[in-house]
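This report walks through a protein model from its overall fold to selected side chains. Please keep the structure open while reading.

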Amino acid sequence: MKNSSLILLVLLLTAVIFTAYTYMEVRAKFVPSYFGAAAMSPVKPNGEINFHSRFGYHMADSLDVLNKIKNKYSSIEFDVFYANGFWVAHNEREADKVYLETWLSASEPLNKNFWLDLKTENLSAAQIDELFSIFLKQNFPLASLIVETPTPGLSRALRERGFFTALQVHDYSNPKEVEERLNLARASAISCSISKYMPLVQMFPNMDLIVYYKAVNPLKKYWMKKRLLSNPHVKLILLN
């Protein structure tokens, strides 16, 4: 009996320690960490992002995955690249890559949001027109889509064609340069990983964001999601 009680106590203490450690680990992600220049104000786009759901599934890059998750998630992220046409896949070498038109036909976009991670960093005007026509032919609501790119010029060209865009920010060591890139991009939002979230929020408090983070621990997912959703400027979150 004593052994059972001791085992139960050890398990309980382990659970408490694990929970506390997880909470502190998540909390640390949201501690202000940028103490440089004052907050900047890049050009705010005219379109306001108002998505149905702010929490989504990451990398639905095949029809098999899409069909499994499309009725479970209201927001879906997928990767697209250009190679004699637009394909859905994480990269060109993926064996199960599928034409964008085929993927969109299966997506059932009504009351859903989509985060398109554009892996091709430069597109010609003709290729942007082709991308636009694909969505047009599918009667796909562009208001439910945001296109992520690291290229300011491409972001601006997509914005001029009617797409919402998110400018990927990997390096914030030169805030003035980031501000210039955002002004050039005319992006609807900043795209960043959780490690860059707090500095970018401090630098650009009025910009909308879409944020991604890999988490397996369900407690970490829960607290991370709760903290991110408390910021109304966070428009989409990927946590898986």
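This is a predicted model: local features need pLDDT of at least 70, side-chain atom pairs count only at pLDDT 80 or more; totals for chains, interfaces and linings use all residues.

A salt bridge is taken here as a side-chain nitrogen of Lys or Arg within 4 Å of a carboxyl oxygen of Asp or Glu.

| Pair | Closest N to O distance |
|---|---|
| Lys70 and Glu108 | 3.2 Å |
| Arg156 and Glu160 | 3.8 Å |

**Charged pairs**

Asp64 is partly exposed at a relative accessible area of 48%, whereas Lys68 is exposed at 54%. Arg156 and Glu160 are likewise four residues apart, about one turn, in helix H5 (residues 152-160); Arg156 counts as partly exposed at 26% relative accessibility, while Glu160 is exposed at 63%. An α-helix has 3.6 residues a turn, so residues three or four places apart point the same way.

The salt bridge of Lys70 with Glu108, at 3.2 Å, links distant parts of the chain, since Lys70 lies in the loop between H2 and S2 and Glu108 in the loop between H3 and S5, 38 residues apart. Lys70 is buried, with a relative accessible area of 10%, and Glu108 is partly exposed at 40%.

**Overall architecture**

The chain has 240 residues, of which 48% count as buried, and its secondary structure comes to eight helices and ten strands. The chain exposes about 12400 Å², with carbon and sulfur atoms supplying 57% of that area. Among contacts with a separation of 6 or more, 66% are between residues 24 or more positions apart.

The ten strands form an open sheet with mixed pairing, in the order S1-S10-S9-S8-S7-S6-S5-S2-S3-S4. Its edge strands are S1 (55-56) and S4 (98-99), each of which pairs on one side only.

**Strand S2 and its neighbours**

Seven of the eight residues of S2 are buried, so this strand is largely enclosed by the rest of the structure. S2 runs parallel to S5, to which six bridges join it, and Ile76 has Phe114 in S5 as its bridge partner. With S3 the pairing is antiparallel, over three bridges, and here Phe81 is partnered by Trp87 of S3.

The loop between S2 (75-82) and S3 (86-88) contains Asn84, and this hairpin has three residues between its strands. Asn84 has a positive phi of about 55° although it is not a glycine, and it is exposed, with a relative accessible area of 74%. Asn111, in the loop between helix H3 (100-107) and strand S5 (113-118), also has a positive phi, of about 60°, without being a glycine. Most residues other than glycine have a negative phi.

The side chain of Glu148 instead makes a polar contact with that of Trp115, at 2.7 Å. Residues that Glu148 touches, beyond those up to four places away in sequence, include Leu116, Asp117, Gln168, Ser191 and Tyr212.

The buried residues include Lys196, Tyr197, Met198 and Met203. What covers them includes helices H6 (175-185) and H8 (218-229), together with strands S8 (189-193), S9 (209-212) and S10 (234-238). S8 and S9 pair in the parallel sense over four bridges, with Tyr212 in S9 as the bridge partner of Ser193.

His233 lies in the loop between H8 and S10 and counts as partly exposed at 24% relative accessibility. His233 and Asn206 are 27 residues apart in sequence, yet their C-alpha atoms are 7.4 Å apart. Leaving aside neighbours within four places, His233 is in contact with Pro205, Asn206, Met207, Asp208 and Leu209, and a polar contact of 2.9 Å joins its side chain to that of Asp208.

How values were computed:
Residues are numbered from 1 along each chain as its sequence is written. Side-chain values use heavy atoms; hydrogens and water are left out. Buried means under 20% relative accessible area, exposed over 50%, partly exposed in between (1.4 Å probe, protein chains only). Helices (H or I, at least four residues) and strands (E, at least two) are DSSP runs, numbered from the N terminus. Contact means heavy atoms within 4.5 Å. A polar contact is a pair of N or O atoms within 3.5 Å; within protein, one must be able to donate a hydrogen and the other to accept it, and residues adjacent in sequence count only if both atoms are side-chain atoms. Accessible areas come from the Shrake-Rupley method with a 1.4 Å probe; for residues, only the protein chains shown count as cover. Two strands pair if DSSP finds at least two bridges between them.
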